[in-house]
Amino acid sequence: MSYKTTLIKSTSKATLPSDLQDVIIQACNKALNVDNRSIFSIALSGGSLPSFLSGITEKFSSQKIDPQYEKWHVLLADERAVPDTD
């Protein structure tokens with residue numbers, strides 16, 4: 001199985017959270033409402049990413065989209081590579 005990847009490029013660090021939220025909302029809406037899938041899967045890493053998503057619930061609401069969080073599969077990712085003996 002192959003997955004499509006998308007590079008998100010923002011005009012500034014200040015606009016990155018809103019831009020990222022827009023991409024997630026569009027992907028969620030497409031998966032659950034357009035493609036009628038039963039789940040929406042997303043992998044999140046740490047760092048500053050959680051703070052970027054702090055306003056996403058309000059953004060779903062302002063766009064009149066039900067996020068259907070009960071259908072989300074959230075995977076926590078760590079991009080660091082460490083030996084398996086660590």
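1. In this predicted model, the residues that line the largest pocket divide into 14 nonpolar, five polar and four charged. The space in that pocket comes to about 1000 Å³, and of its 23 lining residues, those closest to the centre are K4, A27, R37, F40 and S41.

2. Two elements, α1 (16–34) and β1 (40–44), each give two or more residues to the lining of the largest pocket. Helix α1 gives the most, with seven residues.

3. A separate point concerns K59, which is placed in helix α3, spanning residues 56–62. Is K59 buried or exposed? Its relative accessible area is 15%, and K59 therefore counts as buried, since the cut-off for that class is under 20%. Leaving aside residues up to four places away in sequence, K59 touches S18, Q21, D22 and I25.

4. As for the chain overall, the model contains three helices and two strands, and from the N terminus on these elements follow the order α-β-α-α-β. The C-alpha trace spans about 45 × 35 × 25 Å along its principal axes.

5. Of the contacts in the chain between residues at least 6 apart in sequence, 70% join residues at least 24 apart. Of the 86 residues of the chain, 23% count as buried, and K59 is itself buried. The accessible surface of the chain is about 6700 Å², with 56% of that area belonging to carbon and sulfur atoms.

Technical notes
Residues are numbered from 1 along each chain as its sequence is written. This is a predicted model: local features need pLDDT of at least 70, side-chain atom pairs count only at pLDDT 80 or more; totals for chains, interfaces and linings use all residues. Side-chain values use heavy atoms; hydrogens and water are left out. On a 1 Å grid over the protein atoms alone, a cavity is a set of points where a 1.4 Å probe fits but cannot get out, and a pocket is an open set with protein on both sides within 12 Å along at least five of seven lines; lining residues have an atom within 4 Å of a point. Grid points are joined across faces, edges and corners, and a volume is the space filled by probe spheres set on the points. Helices (H or I, at least four residues) and strands (E, at least two) are DSSP runs, numbered from the N terminus. Ala, Val, Leu, Ile, Met, Phe, Trp, Tyr, Cys and Pro count as nonpolar, Asp, Glu, Lys and Arg as charged, and the others, Gly among them, as polar. Buried means under 20% relative accessible area, exposed over 50%, partly exposed in between (1.4 Å probe, protein chains only). Contact means heavy atoms within 4.5 Å. Accessible areas come from the Shrake-Rupley method with a 1.4 Å probe; for residues, only the protein chains shown count as cover.
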